[in-house]
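Work through the exercises below with the model open. Try each task before you read its solution.

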Amino acid sequence: MKYLITTIAAVLVVGCGESQQSAPSSGTSPVDPPAEAASKDLALKKELTAIVEKLVEDFNTADPVKYKSYFHMPHAKVSKTQVEWMDDENSPLVNFEKLRDSGWIKSTVNEIEVIYATEDKGLVRLNFSRINKDEEVIVTTDGIYTFTKINGKWGIAVLFVGAKDLPLN
């Protein structure tokens with residue numbers, strides 16, 4: 001009896017293994033959906049990080065047109081206790097003269113964290129410092145950017161700035 005059970009088990013294991021037919025190969029390897037999603041997520045995070053790095057680089061040129069190109073119009077700005085609705089295409093978003101009067105010569109990135117990213121929305125935290133001519137830190141704070149992709153272009157829909165009295169306009 002023991003021999004019969006062992007033989008039946010062996011036939012089932014070998015038989016099942018040989019009876020399965022693999023799908024015809026199309027020349028591509030099967031895709032692991034979780035791995036594909038993780039890869040897409042990483043690509044989106046890299047894309048948003050690169051945008052924020054370039055935003056800071058362009059901010060440091062003190063060119064209001066370059067800086068404004070990162071924003072959708074209209075957009076919301078939260079830098080005080082009330083929400084400002086920014087919808088004037090002709091008005092600069094930053095008064096760079098006032099910013100220079102505060103001692104600013106450049107901003108530096110301390111950390112960029114992509115909190116959330118999909119194909120058309122993203123939430124990014126930028127920790128940055130404003131630096132004076134002596135390379136001293138004037139202020140360090142966070143900016144939280146809500147990005148949306150409209151007509152294939154990423155743009156800032158909401159800007160939140162953590163520091164009080166951070167001169168922008």
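Predicted model: local features only at pLDDT ≥ 70, side-chain atom pairs only at ≥ 80, totals over all residues.

Residues are numbered from 1 along each chain as its sequence is written, and side-chain values use heavy atoms, with hydrogens and water left out.

**Exercise 1. The whole chain**

Task: List the secondary structure elements of the chain in order.

Solution: Start with the count. The chain has four helices and six strands. Helices (H or I, at least four residues) and strands (E, at least two) are DSSP runs, numbered from the N terminus. Next, read the order from the N terminus: α-α-α-β-β-α-β-β-β-β.

Task: Find the share of buried residues and the share of contacts between residues 24 or more positions apart.

Solution: Take burial to begin with. Buried means under 20% relative accessible area, exposed over 50%, partly exposed in between (1.4 Å probe, protein chains only). Of the 169 residues, 31% are buried. Then take contacts (heavy atoms within 4.5 Å). Among those with a separation of 6 or more, 51% join residues 24 or more positions apart.

**Exercise 2. Strand β1 and its partners**

Task: Which strands pair with β1, and in which sense?

Solution: Two strands pair if DSSP finds at least two bridges between them. Look at β6 (residues 153–161). β1 and β6 are parallel, with four bridges. Within this pairing, Phe71 has Ile156 as its bridge partner. Now turn to β2 (residues 83–86). β2 runs antiparallel to β1, again over four bridges. Val78 faces Val83 of β2. A hairpin of four residues makes the link from β1 to β2.

**Exercise 3. Backbone exceptions**

Task: Locate the cis peptide bond and place its proline in an element.

Solution: Recall the background: most residues other than glycine have a negative phi, and most peptide bonds are trans. The bond from Met73 to Pro74 is cis, with omega near 0°. Pro74 lies in β1, which spans residues 71–78.

Task: Where do Ala62 and Glu135 sit, and what is the phi of each?

Solution: Begin with Ala62. Its phi is positive, near 60°. Ala62 sits in the loop between α2 (33–59) and α3 (64–68). Ala62 is buried because its relative accessibility is 14%. Move on to Glu135. Its phi is also positive, about 65°. Glu135 belongs to the loop between β4 (121–131) and β5 (137–150).

**Exercise 4. Aromatic pairs**

Task: How many aromatic pairs are there? Classify Phe96 with Trp104, then Phe147 with Trp154.

Solution: Apply the rule. Rings of Phe, Tyr and Trp (its six-membered ring) pair if their centres lie within 6.5 Å; planes under 30 degrees apart count as stacked, over 60 as edge-to-face and the rest as tilted. The count is seven pairs. Phe96 and Trp104 lie 6.1 Å apart, centre to centre, with 40° between the planes, a tilted pair. Phe96 is buried, because its relative accessibility is 6%. Trp104 is buried too, because its value is 2%. For Phe147 and Trp154, the centres are 6.5 Å apart and the planes meet at 85°, so this pair is edge-to-face. Both of these residues, Phe147 and Trp154, are buried.

Task: Which residues do ring pairs link into a cluster?

Solution: Follow the pairs from ring to ring. The cluster holds Phe59, Tyr67, Phe71, Phe96 and Trp104.
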